[in-house]
Every structure is written in C-alpha cells, then in structure tokens.
Amino acid sequence: MPTLLLVRHGRSTANTEGLLAGWTPGVALDDRGAAQAAALPGRLAELPLAEIVTSPLQRCRETVRPLLDARPGLTAHTDDRIGECHYGDWSGRKLAELKDEPLMEVVQAHPSAAAFPGGESMRAMQTRAAEAVREWNARVERDHGADAVYLMCSHGDIIKSLVADALGLHLDLFQRISVEPCSITAIRYTRLRPFLVRLGDTGDFTSLAPREEPPAGEATVGGDAGAP
C-alpha cells in the first residue's frame, strides 16, 4: 500500500496570536509560515508525488500552493475529513483563557472522552480522519500502484491522531505526540500494519534549544507555533 506524507500547515496568524483557530475563516499563514511553505518543494524535490490532498482551510491551501506551482501536473484534492477538529464554542478563543476551563483537563488527560461544546468529540475527529486515509490509500494504490507516495496537508491534532492510529496507541495517549508547523510525518501502510518512518520532521532542530521560558507540560490544543 502507499506511503503517506502528512504535512502540518505552516505557522499561521492564529498560532502566533495564541488562538485556537478551528474552522474560523480567514486564518492565513504568517510570514514565517509562508517561508516554510516556500521551502516545501525543495524538501520534497526527490519524491514523486502521486496525489496531493488538503484540508479545505486557508492555511493548508496556502501551504501546498508553492508545491503545486512547482509541480504543474498535480492538482490538490480537498477533503473535509482531514480538516481541523470542530472546536465549536472554543473556536477563535485565546488558549491562555481556555487552560482554566474544566474541559481542558479532560482534553489533556482523557481526550477520548472530550467533546467540545457546540463542536465535535476528539474520537469523532480521529475516526473521520482515519477513514479518509484508508479510502485515499485504496484510491492511490488503485490509480498509481502500491509503491506510490502521496501527501496530505492537515492540522496538528488531526496528524497526531493519525499517528496514534498507525501506532495502535489509544487516543488518550495522543497528546504525547508533537508535530510542528510545516513538519512532515511519513507513514508507510502495508496489508497487515502501518510503519511510522518519519515523525514531525522539519529538518531544523532549533525548537530543541533551551528557551527563556521552558515549554509547558501540557500539549497545545491544535498544535503549537513551533520554534520562535
């Protein structure tokens, strides 16, 4: 079966403003995110891509645009199922405010029981994304062969949930996974099991350097902003 490259969108204006964007319209890449997207074609230059699939949200479409420009033979397919989690009433709010919500403790420690007010549950988010991947695996293999490589551009929580699914991890453990903006995660699917062959690869280790303020012990809902 095919190899899937999961690309998290480049750094967005919501990331730098500390907002939980969700499906809020008009969230674009910031300057750093645009530079990350511009570097993507070079990072993937040696890989033949059979298909490109993207979340419908602006920050993902902007991330794959330079790649599409570099490969005029490809078009991007949009799939709502790999769109961001529907955070409902939490969408657009400051993460600093949300940390005091009782639900945040559930999101951190028991995400399989977390459902966002006016939105969806994290279980439903993982289920729809995993179903999308399995359907695209079959489609890509049918159209391009079992050794094909294809790319999906999606969001932090979606990618983390797909990594957990590939590793056979319970969703309650997915907050232990971290994927930075414009990082590449690669999963090679086979008939019996998936293999995680890259996780959150940015080709840049800046984010591992000591910071003036140590990173928080809790996972950032939706994914953090990456290296400063």
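**Close-ups of ring contacts**

**View 1. Phe116, tucked away.** At 3% relative accessibility, phenylalanine 116 counts as buried (under 20% relative accessible area, with a 1.4 Å probe and protein chains only). This is a predicted model, where local features need pLDDT of at least 70, side-chain atom pairs count only at pLDDT 80 or more, and totals for chains, interfaces and linings use all residues. Residues are numbered from 1 along each chain as its sequence is written, and side-chain values use heavy atoms, leaving out hydrogens and water.

**View 2. Tyr87 meets Phe116.** The structure has two aromatic pairs (ring centres of Phe, Tyr or Trp, the last by its six-membered ring, within 6.5 Å; planes under 30 degrees apart are stacked, over 60 edge-to-face, the rest tilted). With centres 4.9 Å apart and planes at 90 degrees, the rings of tyrosine 87 and phenylalanine 116 make an edge-to-face pair. Tyrosine 87 sits in the loop between strand E3 (76-78) and helix H4 (95-98), and phenylalanine 116 in the loop between helix H5 (102-109) and helix H6 (122-144), so the pair ties together parts 29 residues apart in sequence. Helices (H or I, at least four residues) and strands (E, at least two) are DSSP runs, numbered from the N terminus.

**View 3. Trp90 joins in.** The rings of tryptophan 90 and phenylalanine 116 have centres 5.3 Å apart and planes at 65 degrees, so this pair is edge-to-face. Tryptophan 90 is buried, at 3% relative accessibility.

**View 4. Lys160 over Phe174.** The charged end of lysine 160 sits over the ring of phenylalanine 174, 4.9 Å from its centre (NZ of Lys or CZ of Arg within 6 Å of the ring centre and within 35 degrees of the ring normal).

Methods. Buried < 20%, exposed > 50% of the residue type's maximum accessible area, 1.4 Å probe, protein only.
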